Amino acid sequence: MRNIFNGYSPQRNEQQQDAQGETGTSRRSFIKLLSTASAGLTLGVHLPTIAAESGTSANTSGSEFSPNAFVRVGADNTVTIMIKHLDMGQGVTTGLATIAADELDADWANVSTEAAPSNAQEYNNLLFGPVQGTGGSTAIANSFMQMRYAGAKARAMLVSAASKVWKVPVAEVVVSQGVISHHASGKSATFGQMAELAALQTVPTDEQITLKNPEQFTLIGKTGTSRKDKGKSNGTALFTQDVQLEGMLTALVAHPPAFGAKVISFDSAAAKQSSGVIDVVQIPTGIAVIAKDFWSAKVGRDKLQIEWDRSAFSKNTAEMKSDYVALAQKPGLPARNDGNAPDVLSNAKNVVEATYYFPYLAHAAMEPMNCVVVADSEKAELWYGAQLQTVDQMSVAAVLGLKPENVSINTLFAGGSFGRRANPQSDYVLEAAHIAKSQPGVPVKLVWTREDDMRAGYYRPMYVHKIRGSLDEDGNIEAWEQRIVGQSIAAGTPFEGFMVKEGVDASSVEGASTLPYAIPNLSVQLHTVNLPVPVVWWRSVGHTHTAFSTETFFDELAHQAGKDPVEFRTALLKNHPRHLGVLKLAAEKSGWGTPLPKGRGRGVAVHESFNSFVAQVVEVTVENGQIQVDRVVCAVDCGVAINPDIIQAQMQGGIGFGLSPALLSEITLQDGAVVQSNFHDYQVLRGPQMPDIEVHIVPSAEAPTGVGEPGTPPIAPAVANAVFAATGKRLYDLPMKLS
């Protein structure tokens, strides 16, 4: 079997053979040769067996210098940065490479990237625990210091090598764009020329490293830095669907037609006789058809005769919504309880009340779920856009009866995820493992169609919120009570232990339980319902619904108090300077307070999610009952701006993503089954509907935080508030409809 990713490399093997033939080369003669080096010298020797003088030295393979798990310097001057997080379009490849390359002082043109192997010990995400994974907008936050130290240590070892060779003080050696120099003597060498000797130096500890001051950054914070994931736009990037292995088969699964449905019996005779079909096997989630190619598998699947038991669940969306609304009338489990909101509200004269509805949502990533697996009784190898490598390793190992360390994962680019691939249940990955188990030693590619993912996938939970608030005689908010009803994402998963406390799933209430406004009596309560509809995090998770309810209700209270929405927020955010910073910047840049023509309105929202702060001011036009979003002014404070171009792109993308459920998208159920199947009936924002977007980044010296998700939560409430400004009508259900 030929593996197109880990195949034989004639060049590397020749280098290894050359190295073995150079065992007589002495370290002294090598240093003598290198001591005369200046720019232009190409090394032709190798030191395979010489150890560092003392301490721990870097690993070296062939002519490569690998001081740590993240940086590799080749004799050809190529600097390879290992990327431990999945790149699903959020720009993490460029962002992480920028951090390491800046401290290394590498030539950006010579920097390349490579997905890190599945290894939780080397590549864990400490914000998740001892797990390798990507999510929660944690990639930059988790890796910022780690990548800085990785680059700085490699630089220090290159400088140390030059200092010893040239017999000059370390302090006199400078590095710039991949060239090491000593100006007084005129000596210089490239990274590649110094790589082998650098590998012999002792790897410094963190305490021995001095990181750059921000004013010394050459890449971090700069615009115009070329992306390191250009392959996604020119067709050279490898996605799961591009994987072609010798003898590979393709599999599709017939999933239950309704949630909770089970196979009673099935007849596979016609499918097995269909051209190209190799086998039909039952797996825990349905019936898999294995064939020579996708089309043969699809035709074979269409010929299956399956009898399903659909008695477990048959509810419709309208029934479920009614149940949720009824539950919201009752007190729930406390998620936050400041003061005594119920008592204040019961005695208040000016009470405002609203009930909000949020439907199930599909992730609708442009690349539906897929995974390639080859497995036998001893090991397994997978290729796909892996988002939770460690969780998937353990899950696959359990299915195949292997040790987790015998399951290797090759992480490829992913065509979107929005939380779908970070499934703690490892659903589609486990399907692929079950199917591969039936074909030992044969590579199998599992493919989900768009319809499969829309109707048999995982969803953002449906929610209902009920909020009551009261104002005192001066128009100040005196009490706020919020009840939230929905499913738990964490329940029954490996994340339940630290996400669910005293019955409250933190992801259901985040954004409401953390409301920043200075309200003396504030109560947030949760009702968690148990339904067979599979749910998982969706881009910005709980903030997708809490930001809408809190920011539109706050706007409603401001109107009831007769106060300007920006001024009303400003007065209650005096202890939250970063909220205030983005709010004031967005208001200023948008021309807040200036008049708009009839039929147009301006709305504002500010929200913190994943430790990033975003405010958005939206202008809309409402005509003939249709909402057109014309302009969005976005201000973001995400700490140190690693790559301003990516931050801008992620804010734009998050806004576009959030406008879909604000105006168009919803998953509805009929008799326990999803009604929608593809983009014709699960509507998402189209190009002509995209507004003009301005992004303004607040300068900050705070630690960097994520930008993949925080742009999404404020957009829907800002639109709803703008619609009210234009029409005088409040909208409480998503997607918004005026008629």
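**Contacts and packing in a predicted model**

Trainee: Leaving aside its neighbours within four places in sequence, with which residues is Gly136 in contact?
Mentor: This is a predicted model, in which Gly136 sits in the loop between α4 (120-123) and α5 (139-166). When neighbours within four places in sequence are set aside, the contacts of Gly136 are Phe610 and Glu709.

Trainee: Is Gly136 buried, partly exposed or exposed?
Mentor: Gly136 has a relative accessibility of 30%. Buried would require under 20% and exposed over 50%. The value for Gly136 falls in between, so the residue counts as partly exposed.

Trainee: How far apart in space are Gly136 and Glu246, C-alpha to C-alpha?
Mentor: In sequence, Gly136 and Glu246 are 110 residues apart. In space, their C-alpha to C-alpha separation is 37 Å.

Trainee: At what distance from a polar atom of the side chain of His527 does the backbone oxygen of Lys330 lie?
Mentor: His527 is placed in strand β24 (residues 521-529) and is buried, with a relative accessible area of 11%. Not counting residues up to four places away, it touches, among others, Leu327, Lys330, Pro331 and Ile484. The backbone oxygen of Lys330 and a polar atom of the His527 side chain are separated by 2.7 Å.

Trainee: How are α17 and α21 oriented relative to each other, roughly parallel or roughly antiparallel?
Mentor: The axes of helix α17 (residues 543-561) and helix α21 (residues 715-727) come within 8 Å and cross at roughly 30°. The contact involves Phe548 and His559 of α17, among others, and residues of α21 including Ala716 and Phe724. The crossing in which α17 passes α21 is right-handed. Angles under 35 degrees count as roughly parallel, so the two helices are roughly parallel.

Trainee: Which residues touch the most other members of the largest nonpolar core?
Mentor: In soluble globular proteins, nonpolar side chains tend to be buried together. The largest nonpolar core here holds 74 residues. Those that touch the most other members are Trp480, Val618, Val620, Ile627, Val719 and Met736.

Trainee: How many residues does the second, separate core have?
Mentor: Among the members of this second core are Ile83, Trp108, Phe144 and Ala154. Its size in residues is 51.

Trainee: What is the phi of Val541, which is not a glycine?
Mentor: Val541 lies in the loop between β24 and α17 and is buried, with a relative accessible area of 11%. Although Val541 is not a glycine, its phi is positive, at about 50°.

Trainee: What is the phi of Asn611?
Mentor: Asn611 is found in the loop between β25 (600-609) and β26 (612-623). Although Asn611 is not a glycine, its phi is positive, at about 65°.

Trainee: What is the omega of the peptide bond from Leu734 to Pro735?
Mentor: Pro735 lies in the segment after α21. The bond from Leu734 to Pro735 is cis, with omega near -5°.

Key:
Residues numbered from 1 in each chain as written. Predicted model: local features only at pLDDT ≥ 70, side-chain atom pairs only at ≥ 80, totals over all residues. Heavy atoms only, no water. Helix = DSSP H or I, 4+ residues; strand = E, 2+ residues; numbered from the N terminus. Buried < 20%, exposed > 50% of the residue type's maximum accessible area, 1.4 Å probe, protein only. Polar contact = N/O pair within 3.5 Å; in protein donor to acceptor, adjacent residues only side chain to side chain. Contact = heavy atoms within 4.5 Å. Core = buried A, V, L, I, M, F, W, Y, C linked by side-chain atoms within 4.5 Å. Axes fitted to C-alpha atoms, helices over the stretch in contact; angles between N-to-C directions. Parallel < 35°, antiparallel > 145°, perpendicular 65-115°, else oblique. Left-handed = near helix turned anticlockwise from the far one by under 90°.
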